[in-house]
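Please read the following report alongside the sequence and the model. It takes up the ligand surroundings, then the annotated positions, and then the domains.

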Amino acid sequence: MTTPATPDIIYTKVDEAPQLASASLLPIIQSFARAAGVSVGVKDISLAGRIIASFPENLTPDQRQPDDLAELGELVKSPGANVIKLPNISASVPQLVAAVKELQAKGYAIPTYPEDPATDAEKSIRARFDAIKGSAVNPVLREGNSDRRAAVAVKNYAKANPHSMGKWAKDSKTIVSTMSANDFFSNEKSIILSSAQSGVARIELIAPDGGLTVLKDGLKFTAGTVLDATFMSSRALDTFLADQITATKSAGVLFSIHLKATMMKVSDPIIFGHAVRVFLQPVFDVYGDKMAAAGINPNSGLGALLDQVALMAEATEIMAAIDAVMAERPPLYMVNSDKGITNLHVPSDVIIDASIPALIRAGGKGWGPDGKAADTNCIIPDSSYAPIYDESVAYFKETGALDPATAGTVQNVGLMAQKAEEYGSHPTTFEIPHAGMVRIVLANGDEVLEQTVAAGDIWRAASTKQAPIEDWVQLAISRQKAEGCQAIFWLDEGRAHDAELLKYVRPILAAAGVADKFQILTPRAATRLSLETIRKGQDSIAISGNVLRDYLTDLFPILELGTSAKMLSIVKLMNGGGMFETGAGGSAPKHVQQLVQENHLRWDSLGEFCALGESLKFLAETTDNHKARILGHAVDRATQGVLDHNKSPEGKVGQTDNRASHYFFALYWAQALANQNEDPVLIAHFAPIAAALAENEATILAELTATEGQPADLGGYFHTDPQKTNAIMRPSATMLRILGDA
Ligand SMILES: NC(=O)C1=CN([C@@H]2O[C@H](COP(=O)(O)OP(=O)(O)OC[C@H]3O[C@@H](n4cnc5c(N)ncnc54)[C@H](OP(=O)(O)O)[C@@H]3O)[C@@H](O)[C@H]2O)C=CC1
Ligand SMILES: O=C(O)CCC(=O)C(=O)O
Ligand SMILES: [Mg+2]
């Protein structure tokens with residue numbers, strides 16, 4: 001038996017809006033690529049696909065599917081990798097439970113998610129679900145550091161067509177609140193491992209009576225790794241949250257908590273659970289035991305809590321107690337005020353990297369329960385990165401909103417390779433079961449990074465390997481050289497982890513003779529300087545660790561471009577391949593709701609266009625395929641065409657939507673291929689296609705929009721029906737015929 005050859009380019013099947021967009025765009029890409037002898041394959045990394053792949057023994061042979069994520073995880077380590085990665089769902093428990101329910105209803109005998117696994121069988125099922133939960137995809141694929149920026153054409157378009165910005169009032173009551181002690185930032189310790197210390201290590205918790213619990217065994221560390229350990233005190237967290245409830249109420253603003261329960265999939269759902277519990281403290285004081293016995297876990301959010309309380313014998317009594325407490329509390333920042341969905345309903349609804357920039361873009365306003373915009377207390381318990389938002393809020397209060405028509409740009413070079421800083425993985429985060437001392441015991445017996453902890457504290461270790469750090473600094477040097485602009489390492493010498501990173505950064509810059517081209521500033525100071533720089537119309541490169549990479553590549557794009565969906569996001573894989581992430585944002589669940597209600601998809605595929613162009617040019621470079629190069633340059637011209645002619649999707653029925661935007665992309669792409677003069681075969685192939693697409697514009701657009709305004713049936717949410725999705729996303733028979741797909 002022969003194994004099929006790996007396609008030249010791998011496109012990813014994901015979820016929600018980007019997957020709907022792919023149902024329209026990918027066949028266009030495949031049809032164009034085929035003409036140039038380039039194959040584009042698909043790997044399924046959707047939440048439903050990953051669940052199905054995890055339980056083969058429960059499924060019939062035709063329901064089973066291979067573990068595409070594992071295959072891709074291997075592929076990205078090979079020099080030939082060329083992957084276009086779209087944003088996928090990083091599932092919270094409520095999303096995971098909903099996806100399983102949908103699959104079960106479709107006849108897939110997937111086990112139910114065990115909230116409280118008791119038997120060995122349940123524990124093993126739970127372990128499989130835990131591997132699917134949270135940011136389970138990106139950390140596996142990101143075998144390289146991150147280069148995210150707005151393509152020049154995209155930035156110029158944003159300047160010429162500035163998006164709306166809310167006004168900042170000098171007396172805005174919006175603030176950022178964070179802990180001042182006993183959090184991850186203040187408790188952090190960090191070391192660089194020597195070669196004697198490398199090898200197998202374990203994490204132990206020692207009780208005051210000497211009893212020893214091994215929290216984790218069999219860890220493997222390489223020499224040169226930066227290893228950190230820190231913890232957040234649960235008692236300090238609860239006191240902080242209770243104080244914030246009081247302070248928010250007296251300030252008369254909205255209460256909001258901003259976390260990253262997806263990437264920080266162990267620590268942040270626990271912190272979120274503390275917020276739910278402290279907000280409803282009087283209810284938990286009276287009914288906590290009964291609620292726990294009914295299987296309620298506040299970490300899953302207020303939404304799940306209310307659903308489960310409704311099933312309890314004491315439902316009426318407890319609901320009345322909840323209503324009474326809520327009436328006394330400050331108003332909550334809302335996810336959807338029409339539907340009564342609060343900030344505390346679902347741990348993954350409010351995701352810090354997107355939520356705070358959206359609020360800053362709106363002039364410091366969040367949505368309240370009355371459906372009106374209001375000033376907000378943005379609560380970010382850990383103080384490691386809260387200063388960037390605090391400083392942004394302070395800066396805009398002082399100087400007014402940024403003007404996207406004149407602002408320069410902040411690009412990002414992010415330390416991301418090989419799960420740097422454990423962002424997105426977290427095999428070494430624990431909710432501490434009893435008081436004692438946690439320490440890491442290294443291969444040579446050294447006991448390091450000791451922390452004294454109490455029951456309930458959230459302790460975590462994070463490691464960052466030497467090779468990715470060195471690669472990141474080199475990437476920063478080459479990006480600064482290419483741009484010639486300001487470049488800042490966002491590192492705080494006073495923070496344990498950053499101080500260790502600087503032990504690598506400074507000598508590499510000095511050896512390359514470029515130390516004078518870079519500044520090293522704390523995140524707060526770097527925020528201020530970068531905002532001042534772009535306000536003057538100049539550019540800056542933010543060189544940051546993994547968490548700030550995530551935060552900054554939403555913050556600046558949302559201010560400069562209106563959304564991070566338009567970003568160019570390149571992952572230069574360390575073993576030589578390339579991964580091209582589309583945009584820097586997520587999977588826009590709101591866009592799916594709109595499609596289902598009125599068959600209009602406002603997802604903008606500009607991120608996909610940018611990634612596709614880069615992927616084709618990279619293929620041309622690595623395989624010396626000149627047709628791929630022509631195809632790639634033509635993609636850039638098509639993207640420019642979509643921008644120049646204002647053919648990006650807009651929000652309302654009757655305006656251009658995703659499908660119509662793809663028609664124009666195909667038209668401009670075909671025209672660019674017909675009008676080049678390097679490859680006659682491509683000209684001969686694409687000239688008639690370009691002509692037919694242009695001649696039939698009115699017919700195609702009419703076919704694409706015929707059912708706009710009416711509800712659309714996708715036959716599912718997490719696992720949509722392929723035929724139904726195809727019918728909705730490719731409704732133009734004329735276009736299918738021209739592309740040879742009918
Ligand atoms: N790389 C990845 O795989 C990532 C995955 N995620 C996942 O995505 C999901 C949703 O995350 P969330 O934080 O809500 O953020 P999203 O980025 O999905 O959505 C925030 C808002 O940004 C706008 N937006 C995002 N992408 C586009 C686009 N292509 N075109 C137009 N507008 C866009 C939309 O605004 P409007 O409503 O105004 O149109 C949207 O409501 C989660 O499951 C999360 O885990 C999140 C980040 C990255
Ligand atoms: O993987 C995730 O959950 C989100 C990733 C993300 O937000 C980013 O990398 O910008
Ligand atoms: Mg992000």
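## Surroundings of the ligands

In this predicted model, ligand 2 is surrounded by S90, S135, N138, T262, M263, D353, G424, D550, T553 and A584, where a residue is near a molecule if its C-beta atom, placed from the backbone, lies within 6 Å of it. By class, this shell around ligand 2 consists of two nonpolar, six polar and two charged residues; Ala, Val, Leu, Ile, Met, Phe, Trp, Tyr, Cys and Pro count as nonpolar, Asp, Glu, Lys and Arg as charged, and the others, Gly among them, as polar.

Around ligand 1 there are 21 residues, of which P87, S90, A565, G585 and G586 come nearest. The shell of ligand 1 divides into eight nonpolar, 10 polar and three charged residues.

## Numbering and confidence

Residues are numbered from 1 along each chain as its sequence is written, while chains are lettered from A and ligands numbered from 1 in the order in which they are written. Because the model is predicted, local features need pLDDT of at least 70 and side-chain atom pairs count only at pLDDT 80 or more, whereas totals for chains, interfaces and linings use all residues.

The protein averages a pLDDT of 97, and 99% of the residues score at least 70, pLDDT being the predictor's confidence in each residue, from 0 to 100. The model scores ipTM 0.98 and pTM 0.96.

## The annotated stretch from S135 to R142

UniProt lists S135, A136, V137, N138, P139, V140, L141 and R142 under "binding site" in an unreviewed entry; such positions are given in the numbering used here, feature names are shortened, and annotations may be inferred rather than shown by experiment. S135 lies in the loop between α5 (120-132) and α6 (138-141), and V137 is found in the loop between α5 and α6 as well; helices (H or I, at least four residues) and strands (E, at least two) are DSSP runs, numbered from the N terminus.

S135 counts as buried because it has 23 C-beta neighbours inside 10 Å, and V137 is buried with 24 other C-beta atoms within 10 Å; a residue is buried if 20 or more other C-beta atoms lie within 10 Å of its own, exposed if 12 or fewer, and partly exposed in between, with C-beta atoms placed from the backbone. Not counting residues up to four places away in sequence, S135 touches S90, T262, M263, K265 and G424, while V137, with its neighbours within four places likewise left aside, is in contact with I45, L69 and N88; contact requires the C-beta atoms of two residues, placed from the backbone, to lie within 7 Å.

R148 lies in strand β4 (residues 144-149) and is buried, with 27 other C-beta atoms within 10 Å. R549 has its place in helix α19 (residues 546-560) and counts as buried with 26 C-beta neighbours inside 10 Å. Beyond four places in sequence, the contacts of R148 include N412, G414, T553 and A584, and those of R549 include S146, N412 and G414.

## Domains

The domain assignment gives domain 1 (9-147 + 573-738), domain 2 (186-229 + 421-463) and domain 3 (233-348 + 366-378), with bounds that come from an automatic or database domain assignment. The C-alpha centres of domain 1 and domain 3 lie 35 Å apart, and the contact takes 10 residues from domain 1 and 13 residues from domain 3.
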